[in-house]
Amino acid sequence: MPSAISLSVSSPSTIARSVLTNTNDACFPTPRSLRFCGLRRDAFDMSVSFDAASSRIARLDLHSKHSNFTKVFAALGGNGAPSSSGFDYDLVIIGAGVGGHGAALHAVEKGLKTAIVEGDVVGGTCVNRGCVPSKALLAVSGRMRELQNEHHMKSFGLQVAAAGYDRQAVADHASNLASKIRSNLTNSLKAIGVDILTGVGTILGPQKLKFGDKTITAKDIIIATGSVPLVPKGIEVDGKTVITSDHALKLESVPQWIAIVGSGYIGLEFSDVYTALGSEVTFIEALDQIMPGFDPEIGKLAQRVLVNPRKIDSYTGVFASKITPAKDGKPVQIELIDAKTKEPKETLEVDAALIATGRAPFTQGLGLENINVQTQRGFVPVDERMRVIDANGKLVPHLYCIGDANGKMMLAHAASAQGISVIEQVSGKDHVLNHLSIPAACFTHPEISMVGLTEPQAREKAEKEGFEVSIAKTSFKANTKALAENEGEGMAKLIYRPDNGEILGVHIFGLHAADLIHEASNAIALGTRIQDIKYAVHAHPTLSEVLDELFKSAKVKVNASKTVAQPVTV
């Protein structure tokens, strides 16, 4: 689950696109197959894995009858040949979350002998305590919310009895999903021969690390240790009445009244879950408005739909300076102070409190002092290529850091993208990831999604660089598919340059916004301009036409920059 997003408003870096096929290992191609959280189909389809392995061996024999058994089994595992560089591995990744998993799969595609060191369980925060179980709870809350909306159901001609739920069964749904995806990711790594080394990874020096009592060497090392919930000073977490997202995802109780400290992605999603299950929610936000990380216009609309009609109130411009768990018959005590003056405001008494103030990098115990690296607020400093920077401002050779641990963009799919980018580099192809092309989403009902700059960020950038910014908007109320679903509440917003058609940002609030954003994010990643993408054809009637109308409504001052494809006779 995402926490905070920090984006630079500098010009997007040029993206070096490359073919993902490993040309150095053409004899043993990795099967092209489906990924989910970086997952491959051959992780759980044994027939596919066996057939692929058999074909690899056959082709190996055709190319070299004198290959030794070590090379045969390396090919069978898919994990490249034994390292010829004198190291135990070509690549070792510390951390088996989504970022480490994505890097490992791409490394094997490139023929690198790869290992992952994991001190906990495969899948990291996303699979075990974040993205995956939270989506299971949100799936329940979405259905509950729809069934509870009598007017909505009647508009379809449906009559539904009072909806109820089994708390433990809901919790089991989230837990079972996490277990299934964790198992799938583990199997996907084993299927291609990645060594999973159990233990806490500690860097001993250049290209050398240990896990447990064992020491290994690697030509390149990637730090992918992720993050943990951030708990501010003065807050006592007992895991029962004062909880973090880690505890909340277990859904051990549904309190009658819960305070949520922080109104970003994590807090907003949990407010959706708790209110659908019957709780009253109070947001406690340090800034002057709730949902501060969103584009202001989208945030106002989202507040009108997601907050105002529900059993939610809020305190803004205040800190929770002290939170005491419920005990001895007393409720949870929350002491509020003014965020600016630090003067006491009031004390709240609630049944429970969820701390959703973001996440902190998990970088302790990595042995960074052994290579003269100093963290910055806990984050490992890196350059635009994820190369680690030491205390003297110099690059540490053969050492990279991806994901939440570097703080560039605390999203699971950003970690995976950074890992793939690093693998491209260690394979000899320069690659710089454009973080402004990475989408983000909040899975409320309706959903919120975004990519690129907000309007204030875009206008600040425009003022500095001397260009004009224009805005285009479309409404879900004009979309046939949304109206068929009786889900016309929502809008899409495009922020762009009218002089050249560059897409600066896209923000969506509405039905399936998290799925719709990718057309815009891919356009930014590929450098596609509005004058080109507006000719794309969208199926009718679909929600994708919201984006189609959005791009068509933009007013660009230049003509199409690319030749339109010639018609094909059919």
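Predicted model: local features only at pLDDT ≥ 70, side-chain atom pairs only at ≥ 80, totals over all residues.
Local features need pLDDT of at least 70 and side-chain atom pairs count only at pLDDT 80 or more, while totals for chains, interfaces and linings use all residues. Residues are numbered from 1 along each chain as its sequence is written, and side-chain values use heavy atoms, with hydrogens and water left out.

Take helices α3 (residues 98–109) and α11 (residues 412–426) to begin with: their axes come within 7 Å and cross at roughly 30°. That makes α3 roughly parallel to α11 (angles under 35 degrees count as such). On the α3 side, the contact (heavy atoms within 4.5 Å) is made by V98, G99, G102, A103, H106 and A107. From α11 come A412, A415, S416, G419, I420, I423 and E424.

I423 also turns up in the largest nonpolar core, being one of the residues with the most contacts inside that 53-residue set. Such a core is a set of buried Ala, Val, Leu, Ile, Met, Phe, Trp, Tyr and Cys residues joined through side-chain atoms within 4.5 Å, buried meaning under 20% relative accessible area. Helix α3 supplies the largest share of this core, 6 residues. Another core lies apart from it, with 48 residues, including A136, L268, L277 and I290.

With a relative accessible area of 40%, S175 is partly exposed (between 20% and 50%, using a 1.4 Å probe and protein chains only). S175 and K250 are 75 residues apart in sequence, yet 7.3 Å apart in space, C-alpha to C-alpha.

Definitions and conventions
Axes fitted to C-alpha atoms, helices over the stretch in contact; angles between N-to-C directions. Helix = DSSP H or I, 4+ residues; strand = E, 2+ residues; numbered from the N terminus. Parallel < 35°, antiparallel > 145°, perpendicular 65-115°, else oblique.
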